[in-house]
Amino acid sequence: MGKLSELPNIGETVAGQLNQVGMVTEDDLKKIGAKQAWLQIQAIDESACIHRLLALEGGNVWGGSIALRLVDLLLAQHPEHALKMK
């Protein structure tokens, strides 16, 4: 159970926003994931742009290919850019 602000790319401001949406530990963030955490932060702060999502994903150090995760995260927000399979 690490302090959120000690995670890579997560400073006091983002940690404070995570606290506001109910996440107070690294385990809390790990359980919900970067994308859901970002969406919850967006609900309280409309200025939470893609840079905040990338910071959260950078703080998500428990596995996965960062490139594949970024594609997944971006396509989740912009499904119109996904390739259509026939």
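Reply: Of the contacts in the chain between residues at least 6 apart in sequence, 40% join residues at least 24 apart. The model is a predicted one, and its chain comprises five helices and zero strands. Of the 86 residues, 33% count as buried.

The largest nonpolar core has 17 residues, and those touching the most other members are Leu4, Ile10, Leu18, Leu29 and Leu56. At least two residues of this core come from each of helix 1 (12–20), helix 3 (34–44) and helix 4 (50–59). Helix 3 gives the most, with four residues.

The burial pattern of helix 3 deserves attention. Its buried residues are Ala34, Ala37, Trp38 and Ile41. These residues lie on the same side of helix 3, because they cover an arc of only 100° around the axis.

Leu56 shows how the parts of the chain meet. With neighbours within four places in sequence left aside, Leu56 is in contact with Ala34, Ala37, Trp38 and Ile41, and also with Ile10, Val14, Leu18 and Leu29.

As for confidence, the chain averages a pLDDT of 79, and 78% of the residues score at least 70. Helix 1 has the highest mean pLDDT among the elements, at 94, whereas helix 5 (residues 66–77) has the lowest, at 70. Where pLDDT is low, the predicted coordinates should not be read in detail.

Finally, the accessible surface of the chain comes to about 5500 Å², and 57% of this surface belongs to carbon and sulfur atoms.

Key: Residues numbered from 1 in each chain as written. Predicted model: local features only at pLDDT ≥ 70, side-chain atom pairs only at ≥ 80, totals over all residues. Heavy atoms only, no water. Core = buried A, V, L, I, M, F, W, Y, C linked by side-chain atoms within 4.5 Å. Buried < 20%, exposed > 50% of the residue type's maximum accessible area, 1.4 Å probe, protein only. Contact = heavy atoms within 4.5 Å. pLDDT = per-residue confidence, 0-100. Arc of directions from axis to C-beta. Areas by Shrake-Rupley, 256 points an atom, 1.4 Å probe, with all protein chains shown as cover.
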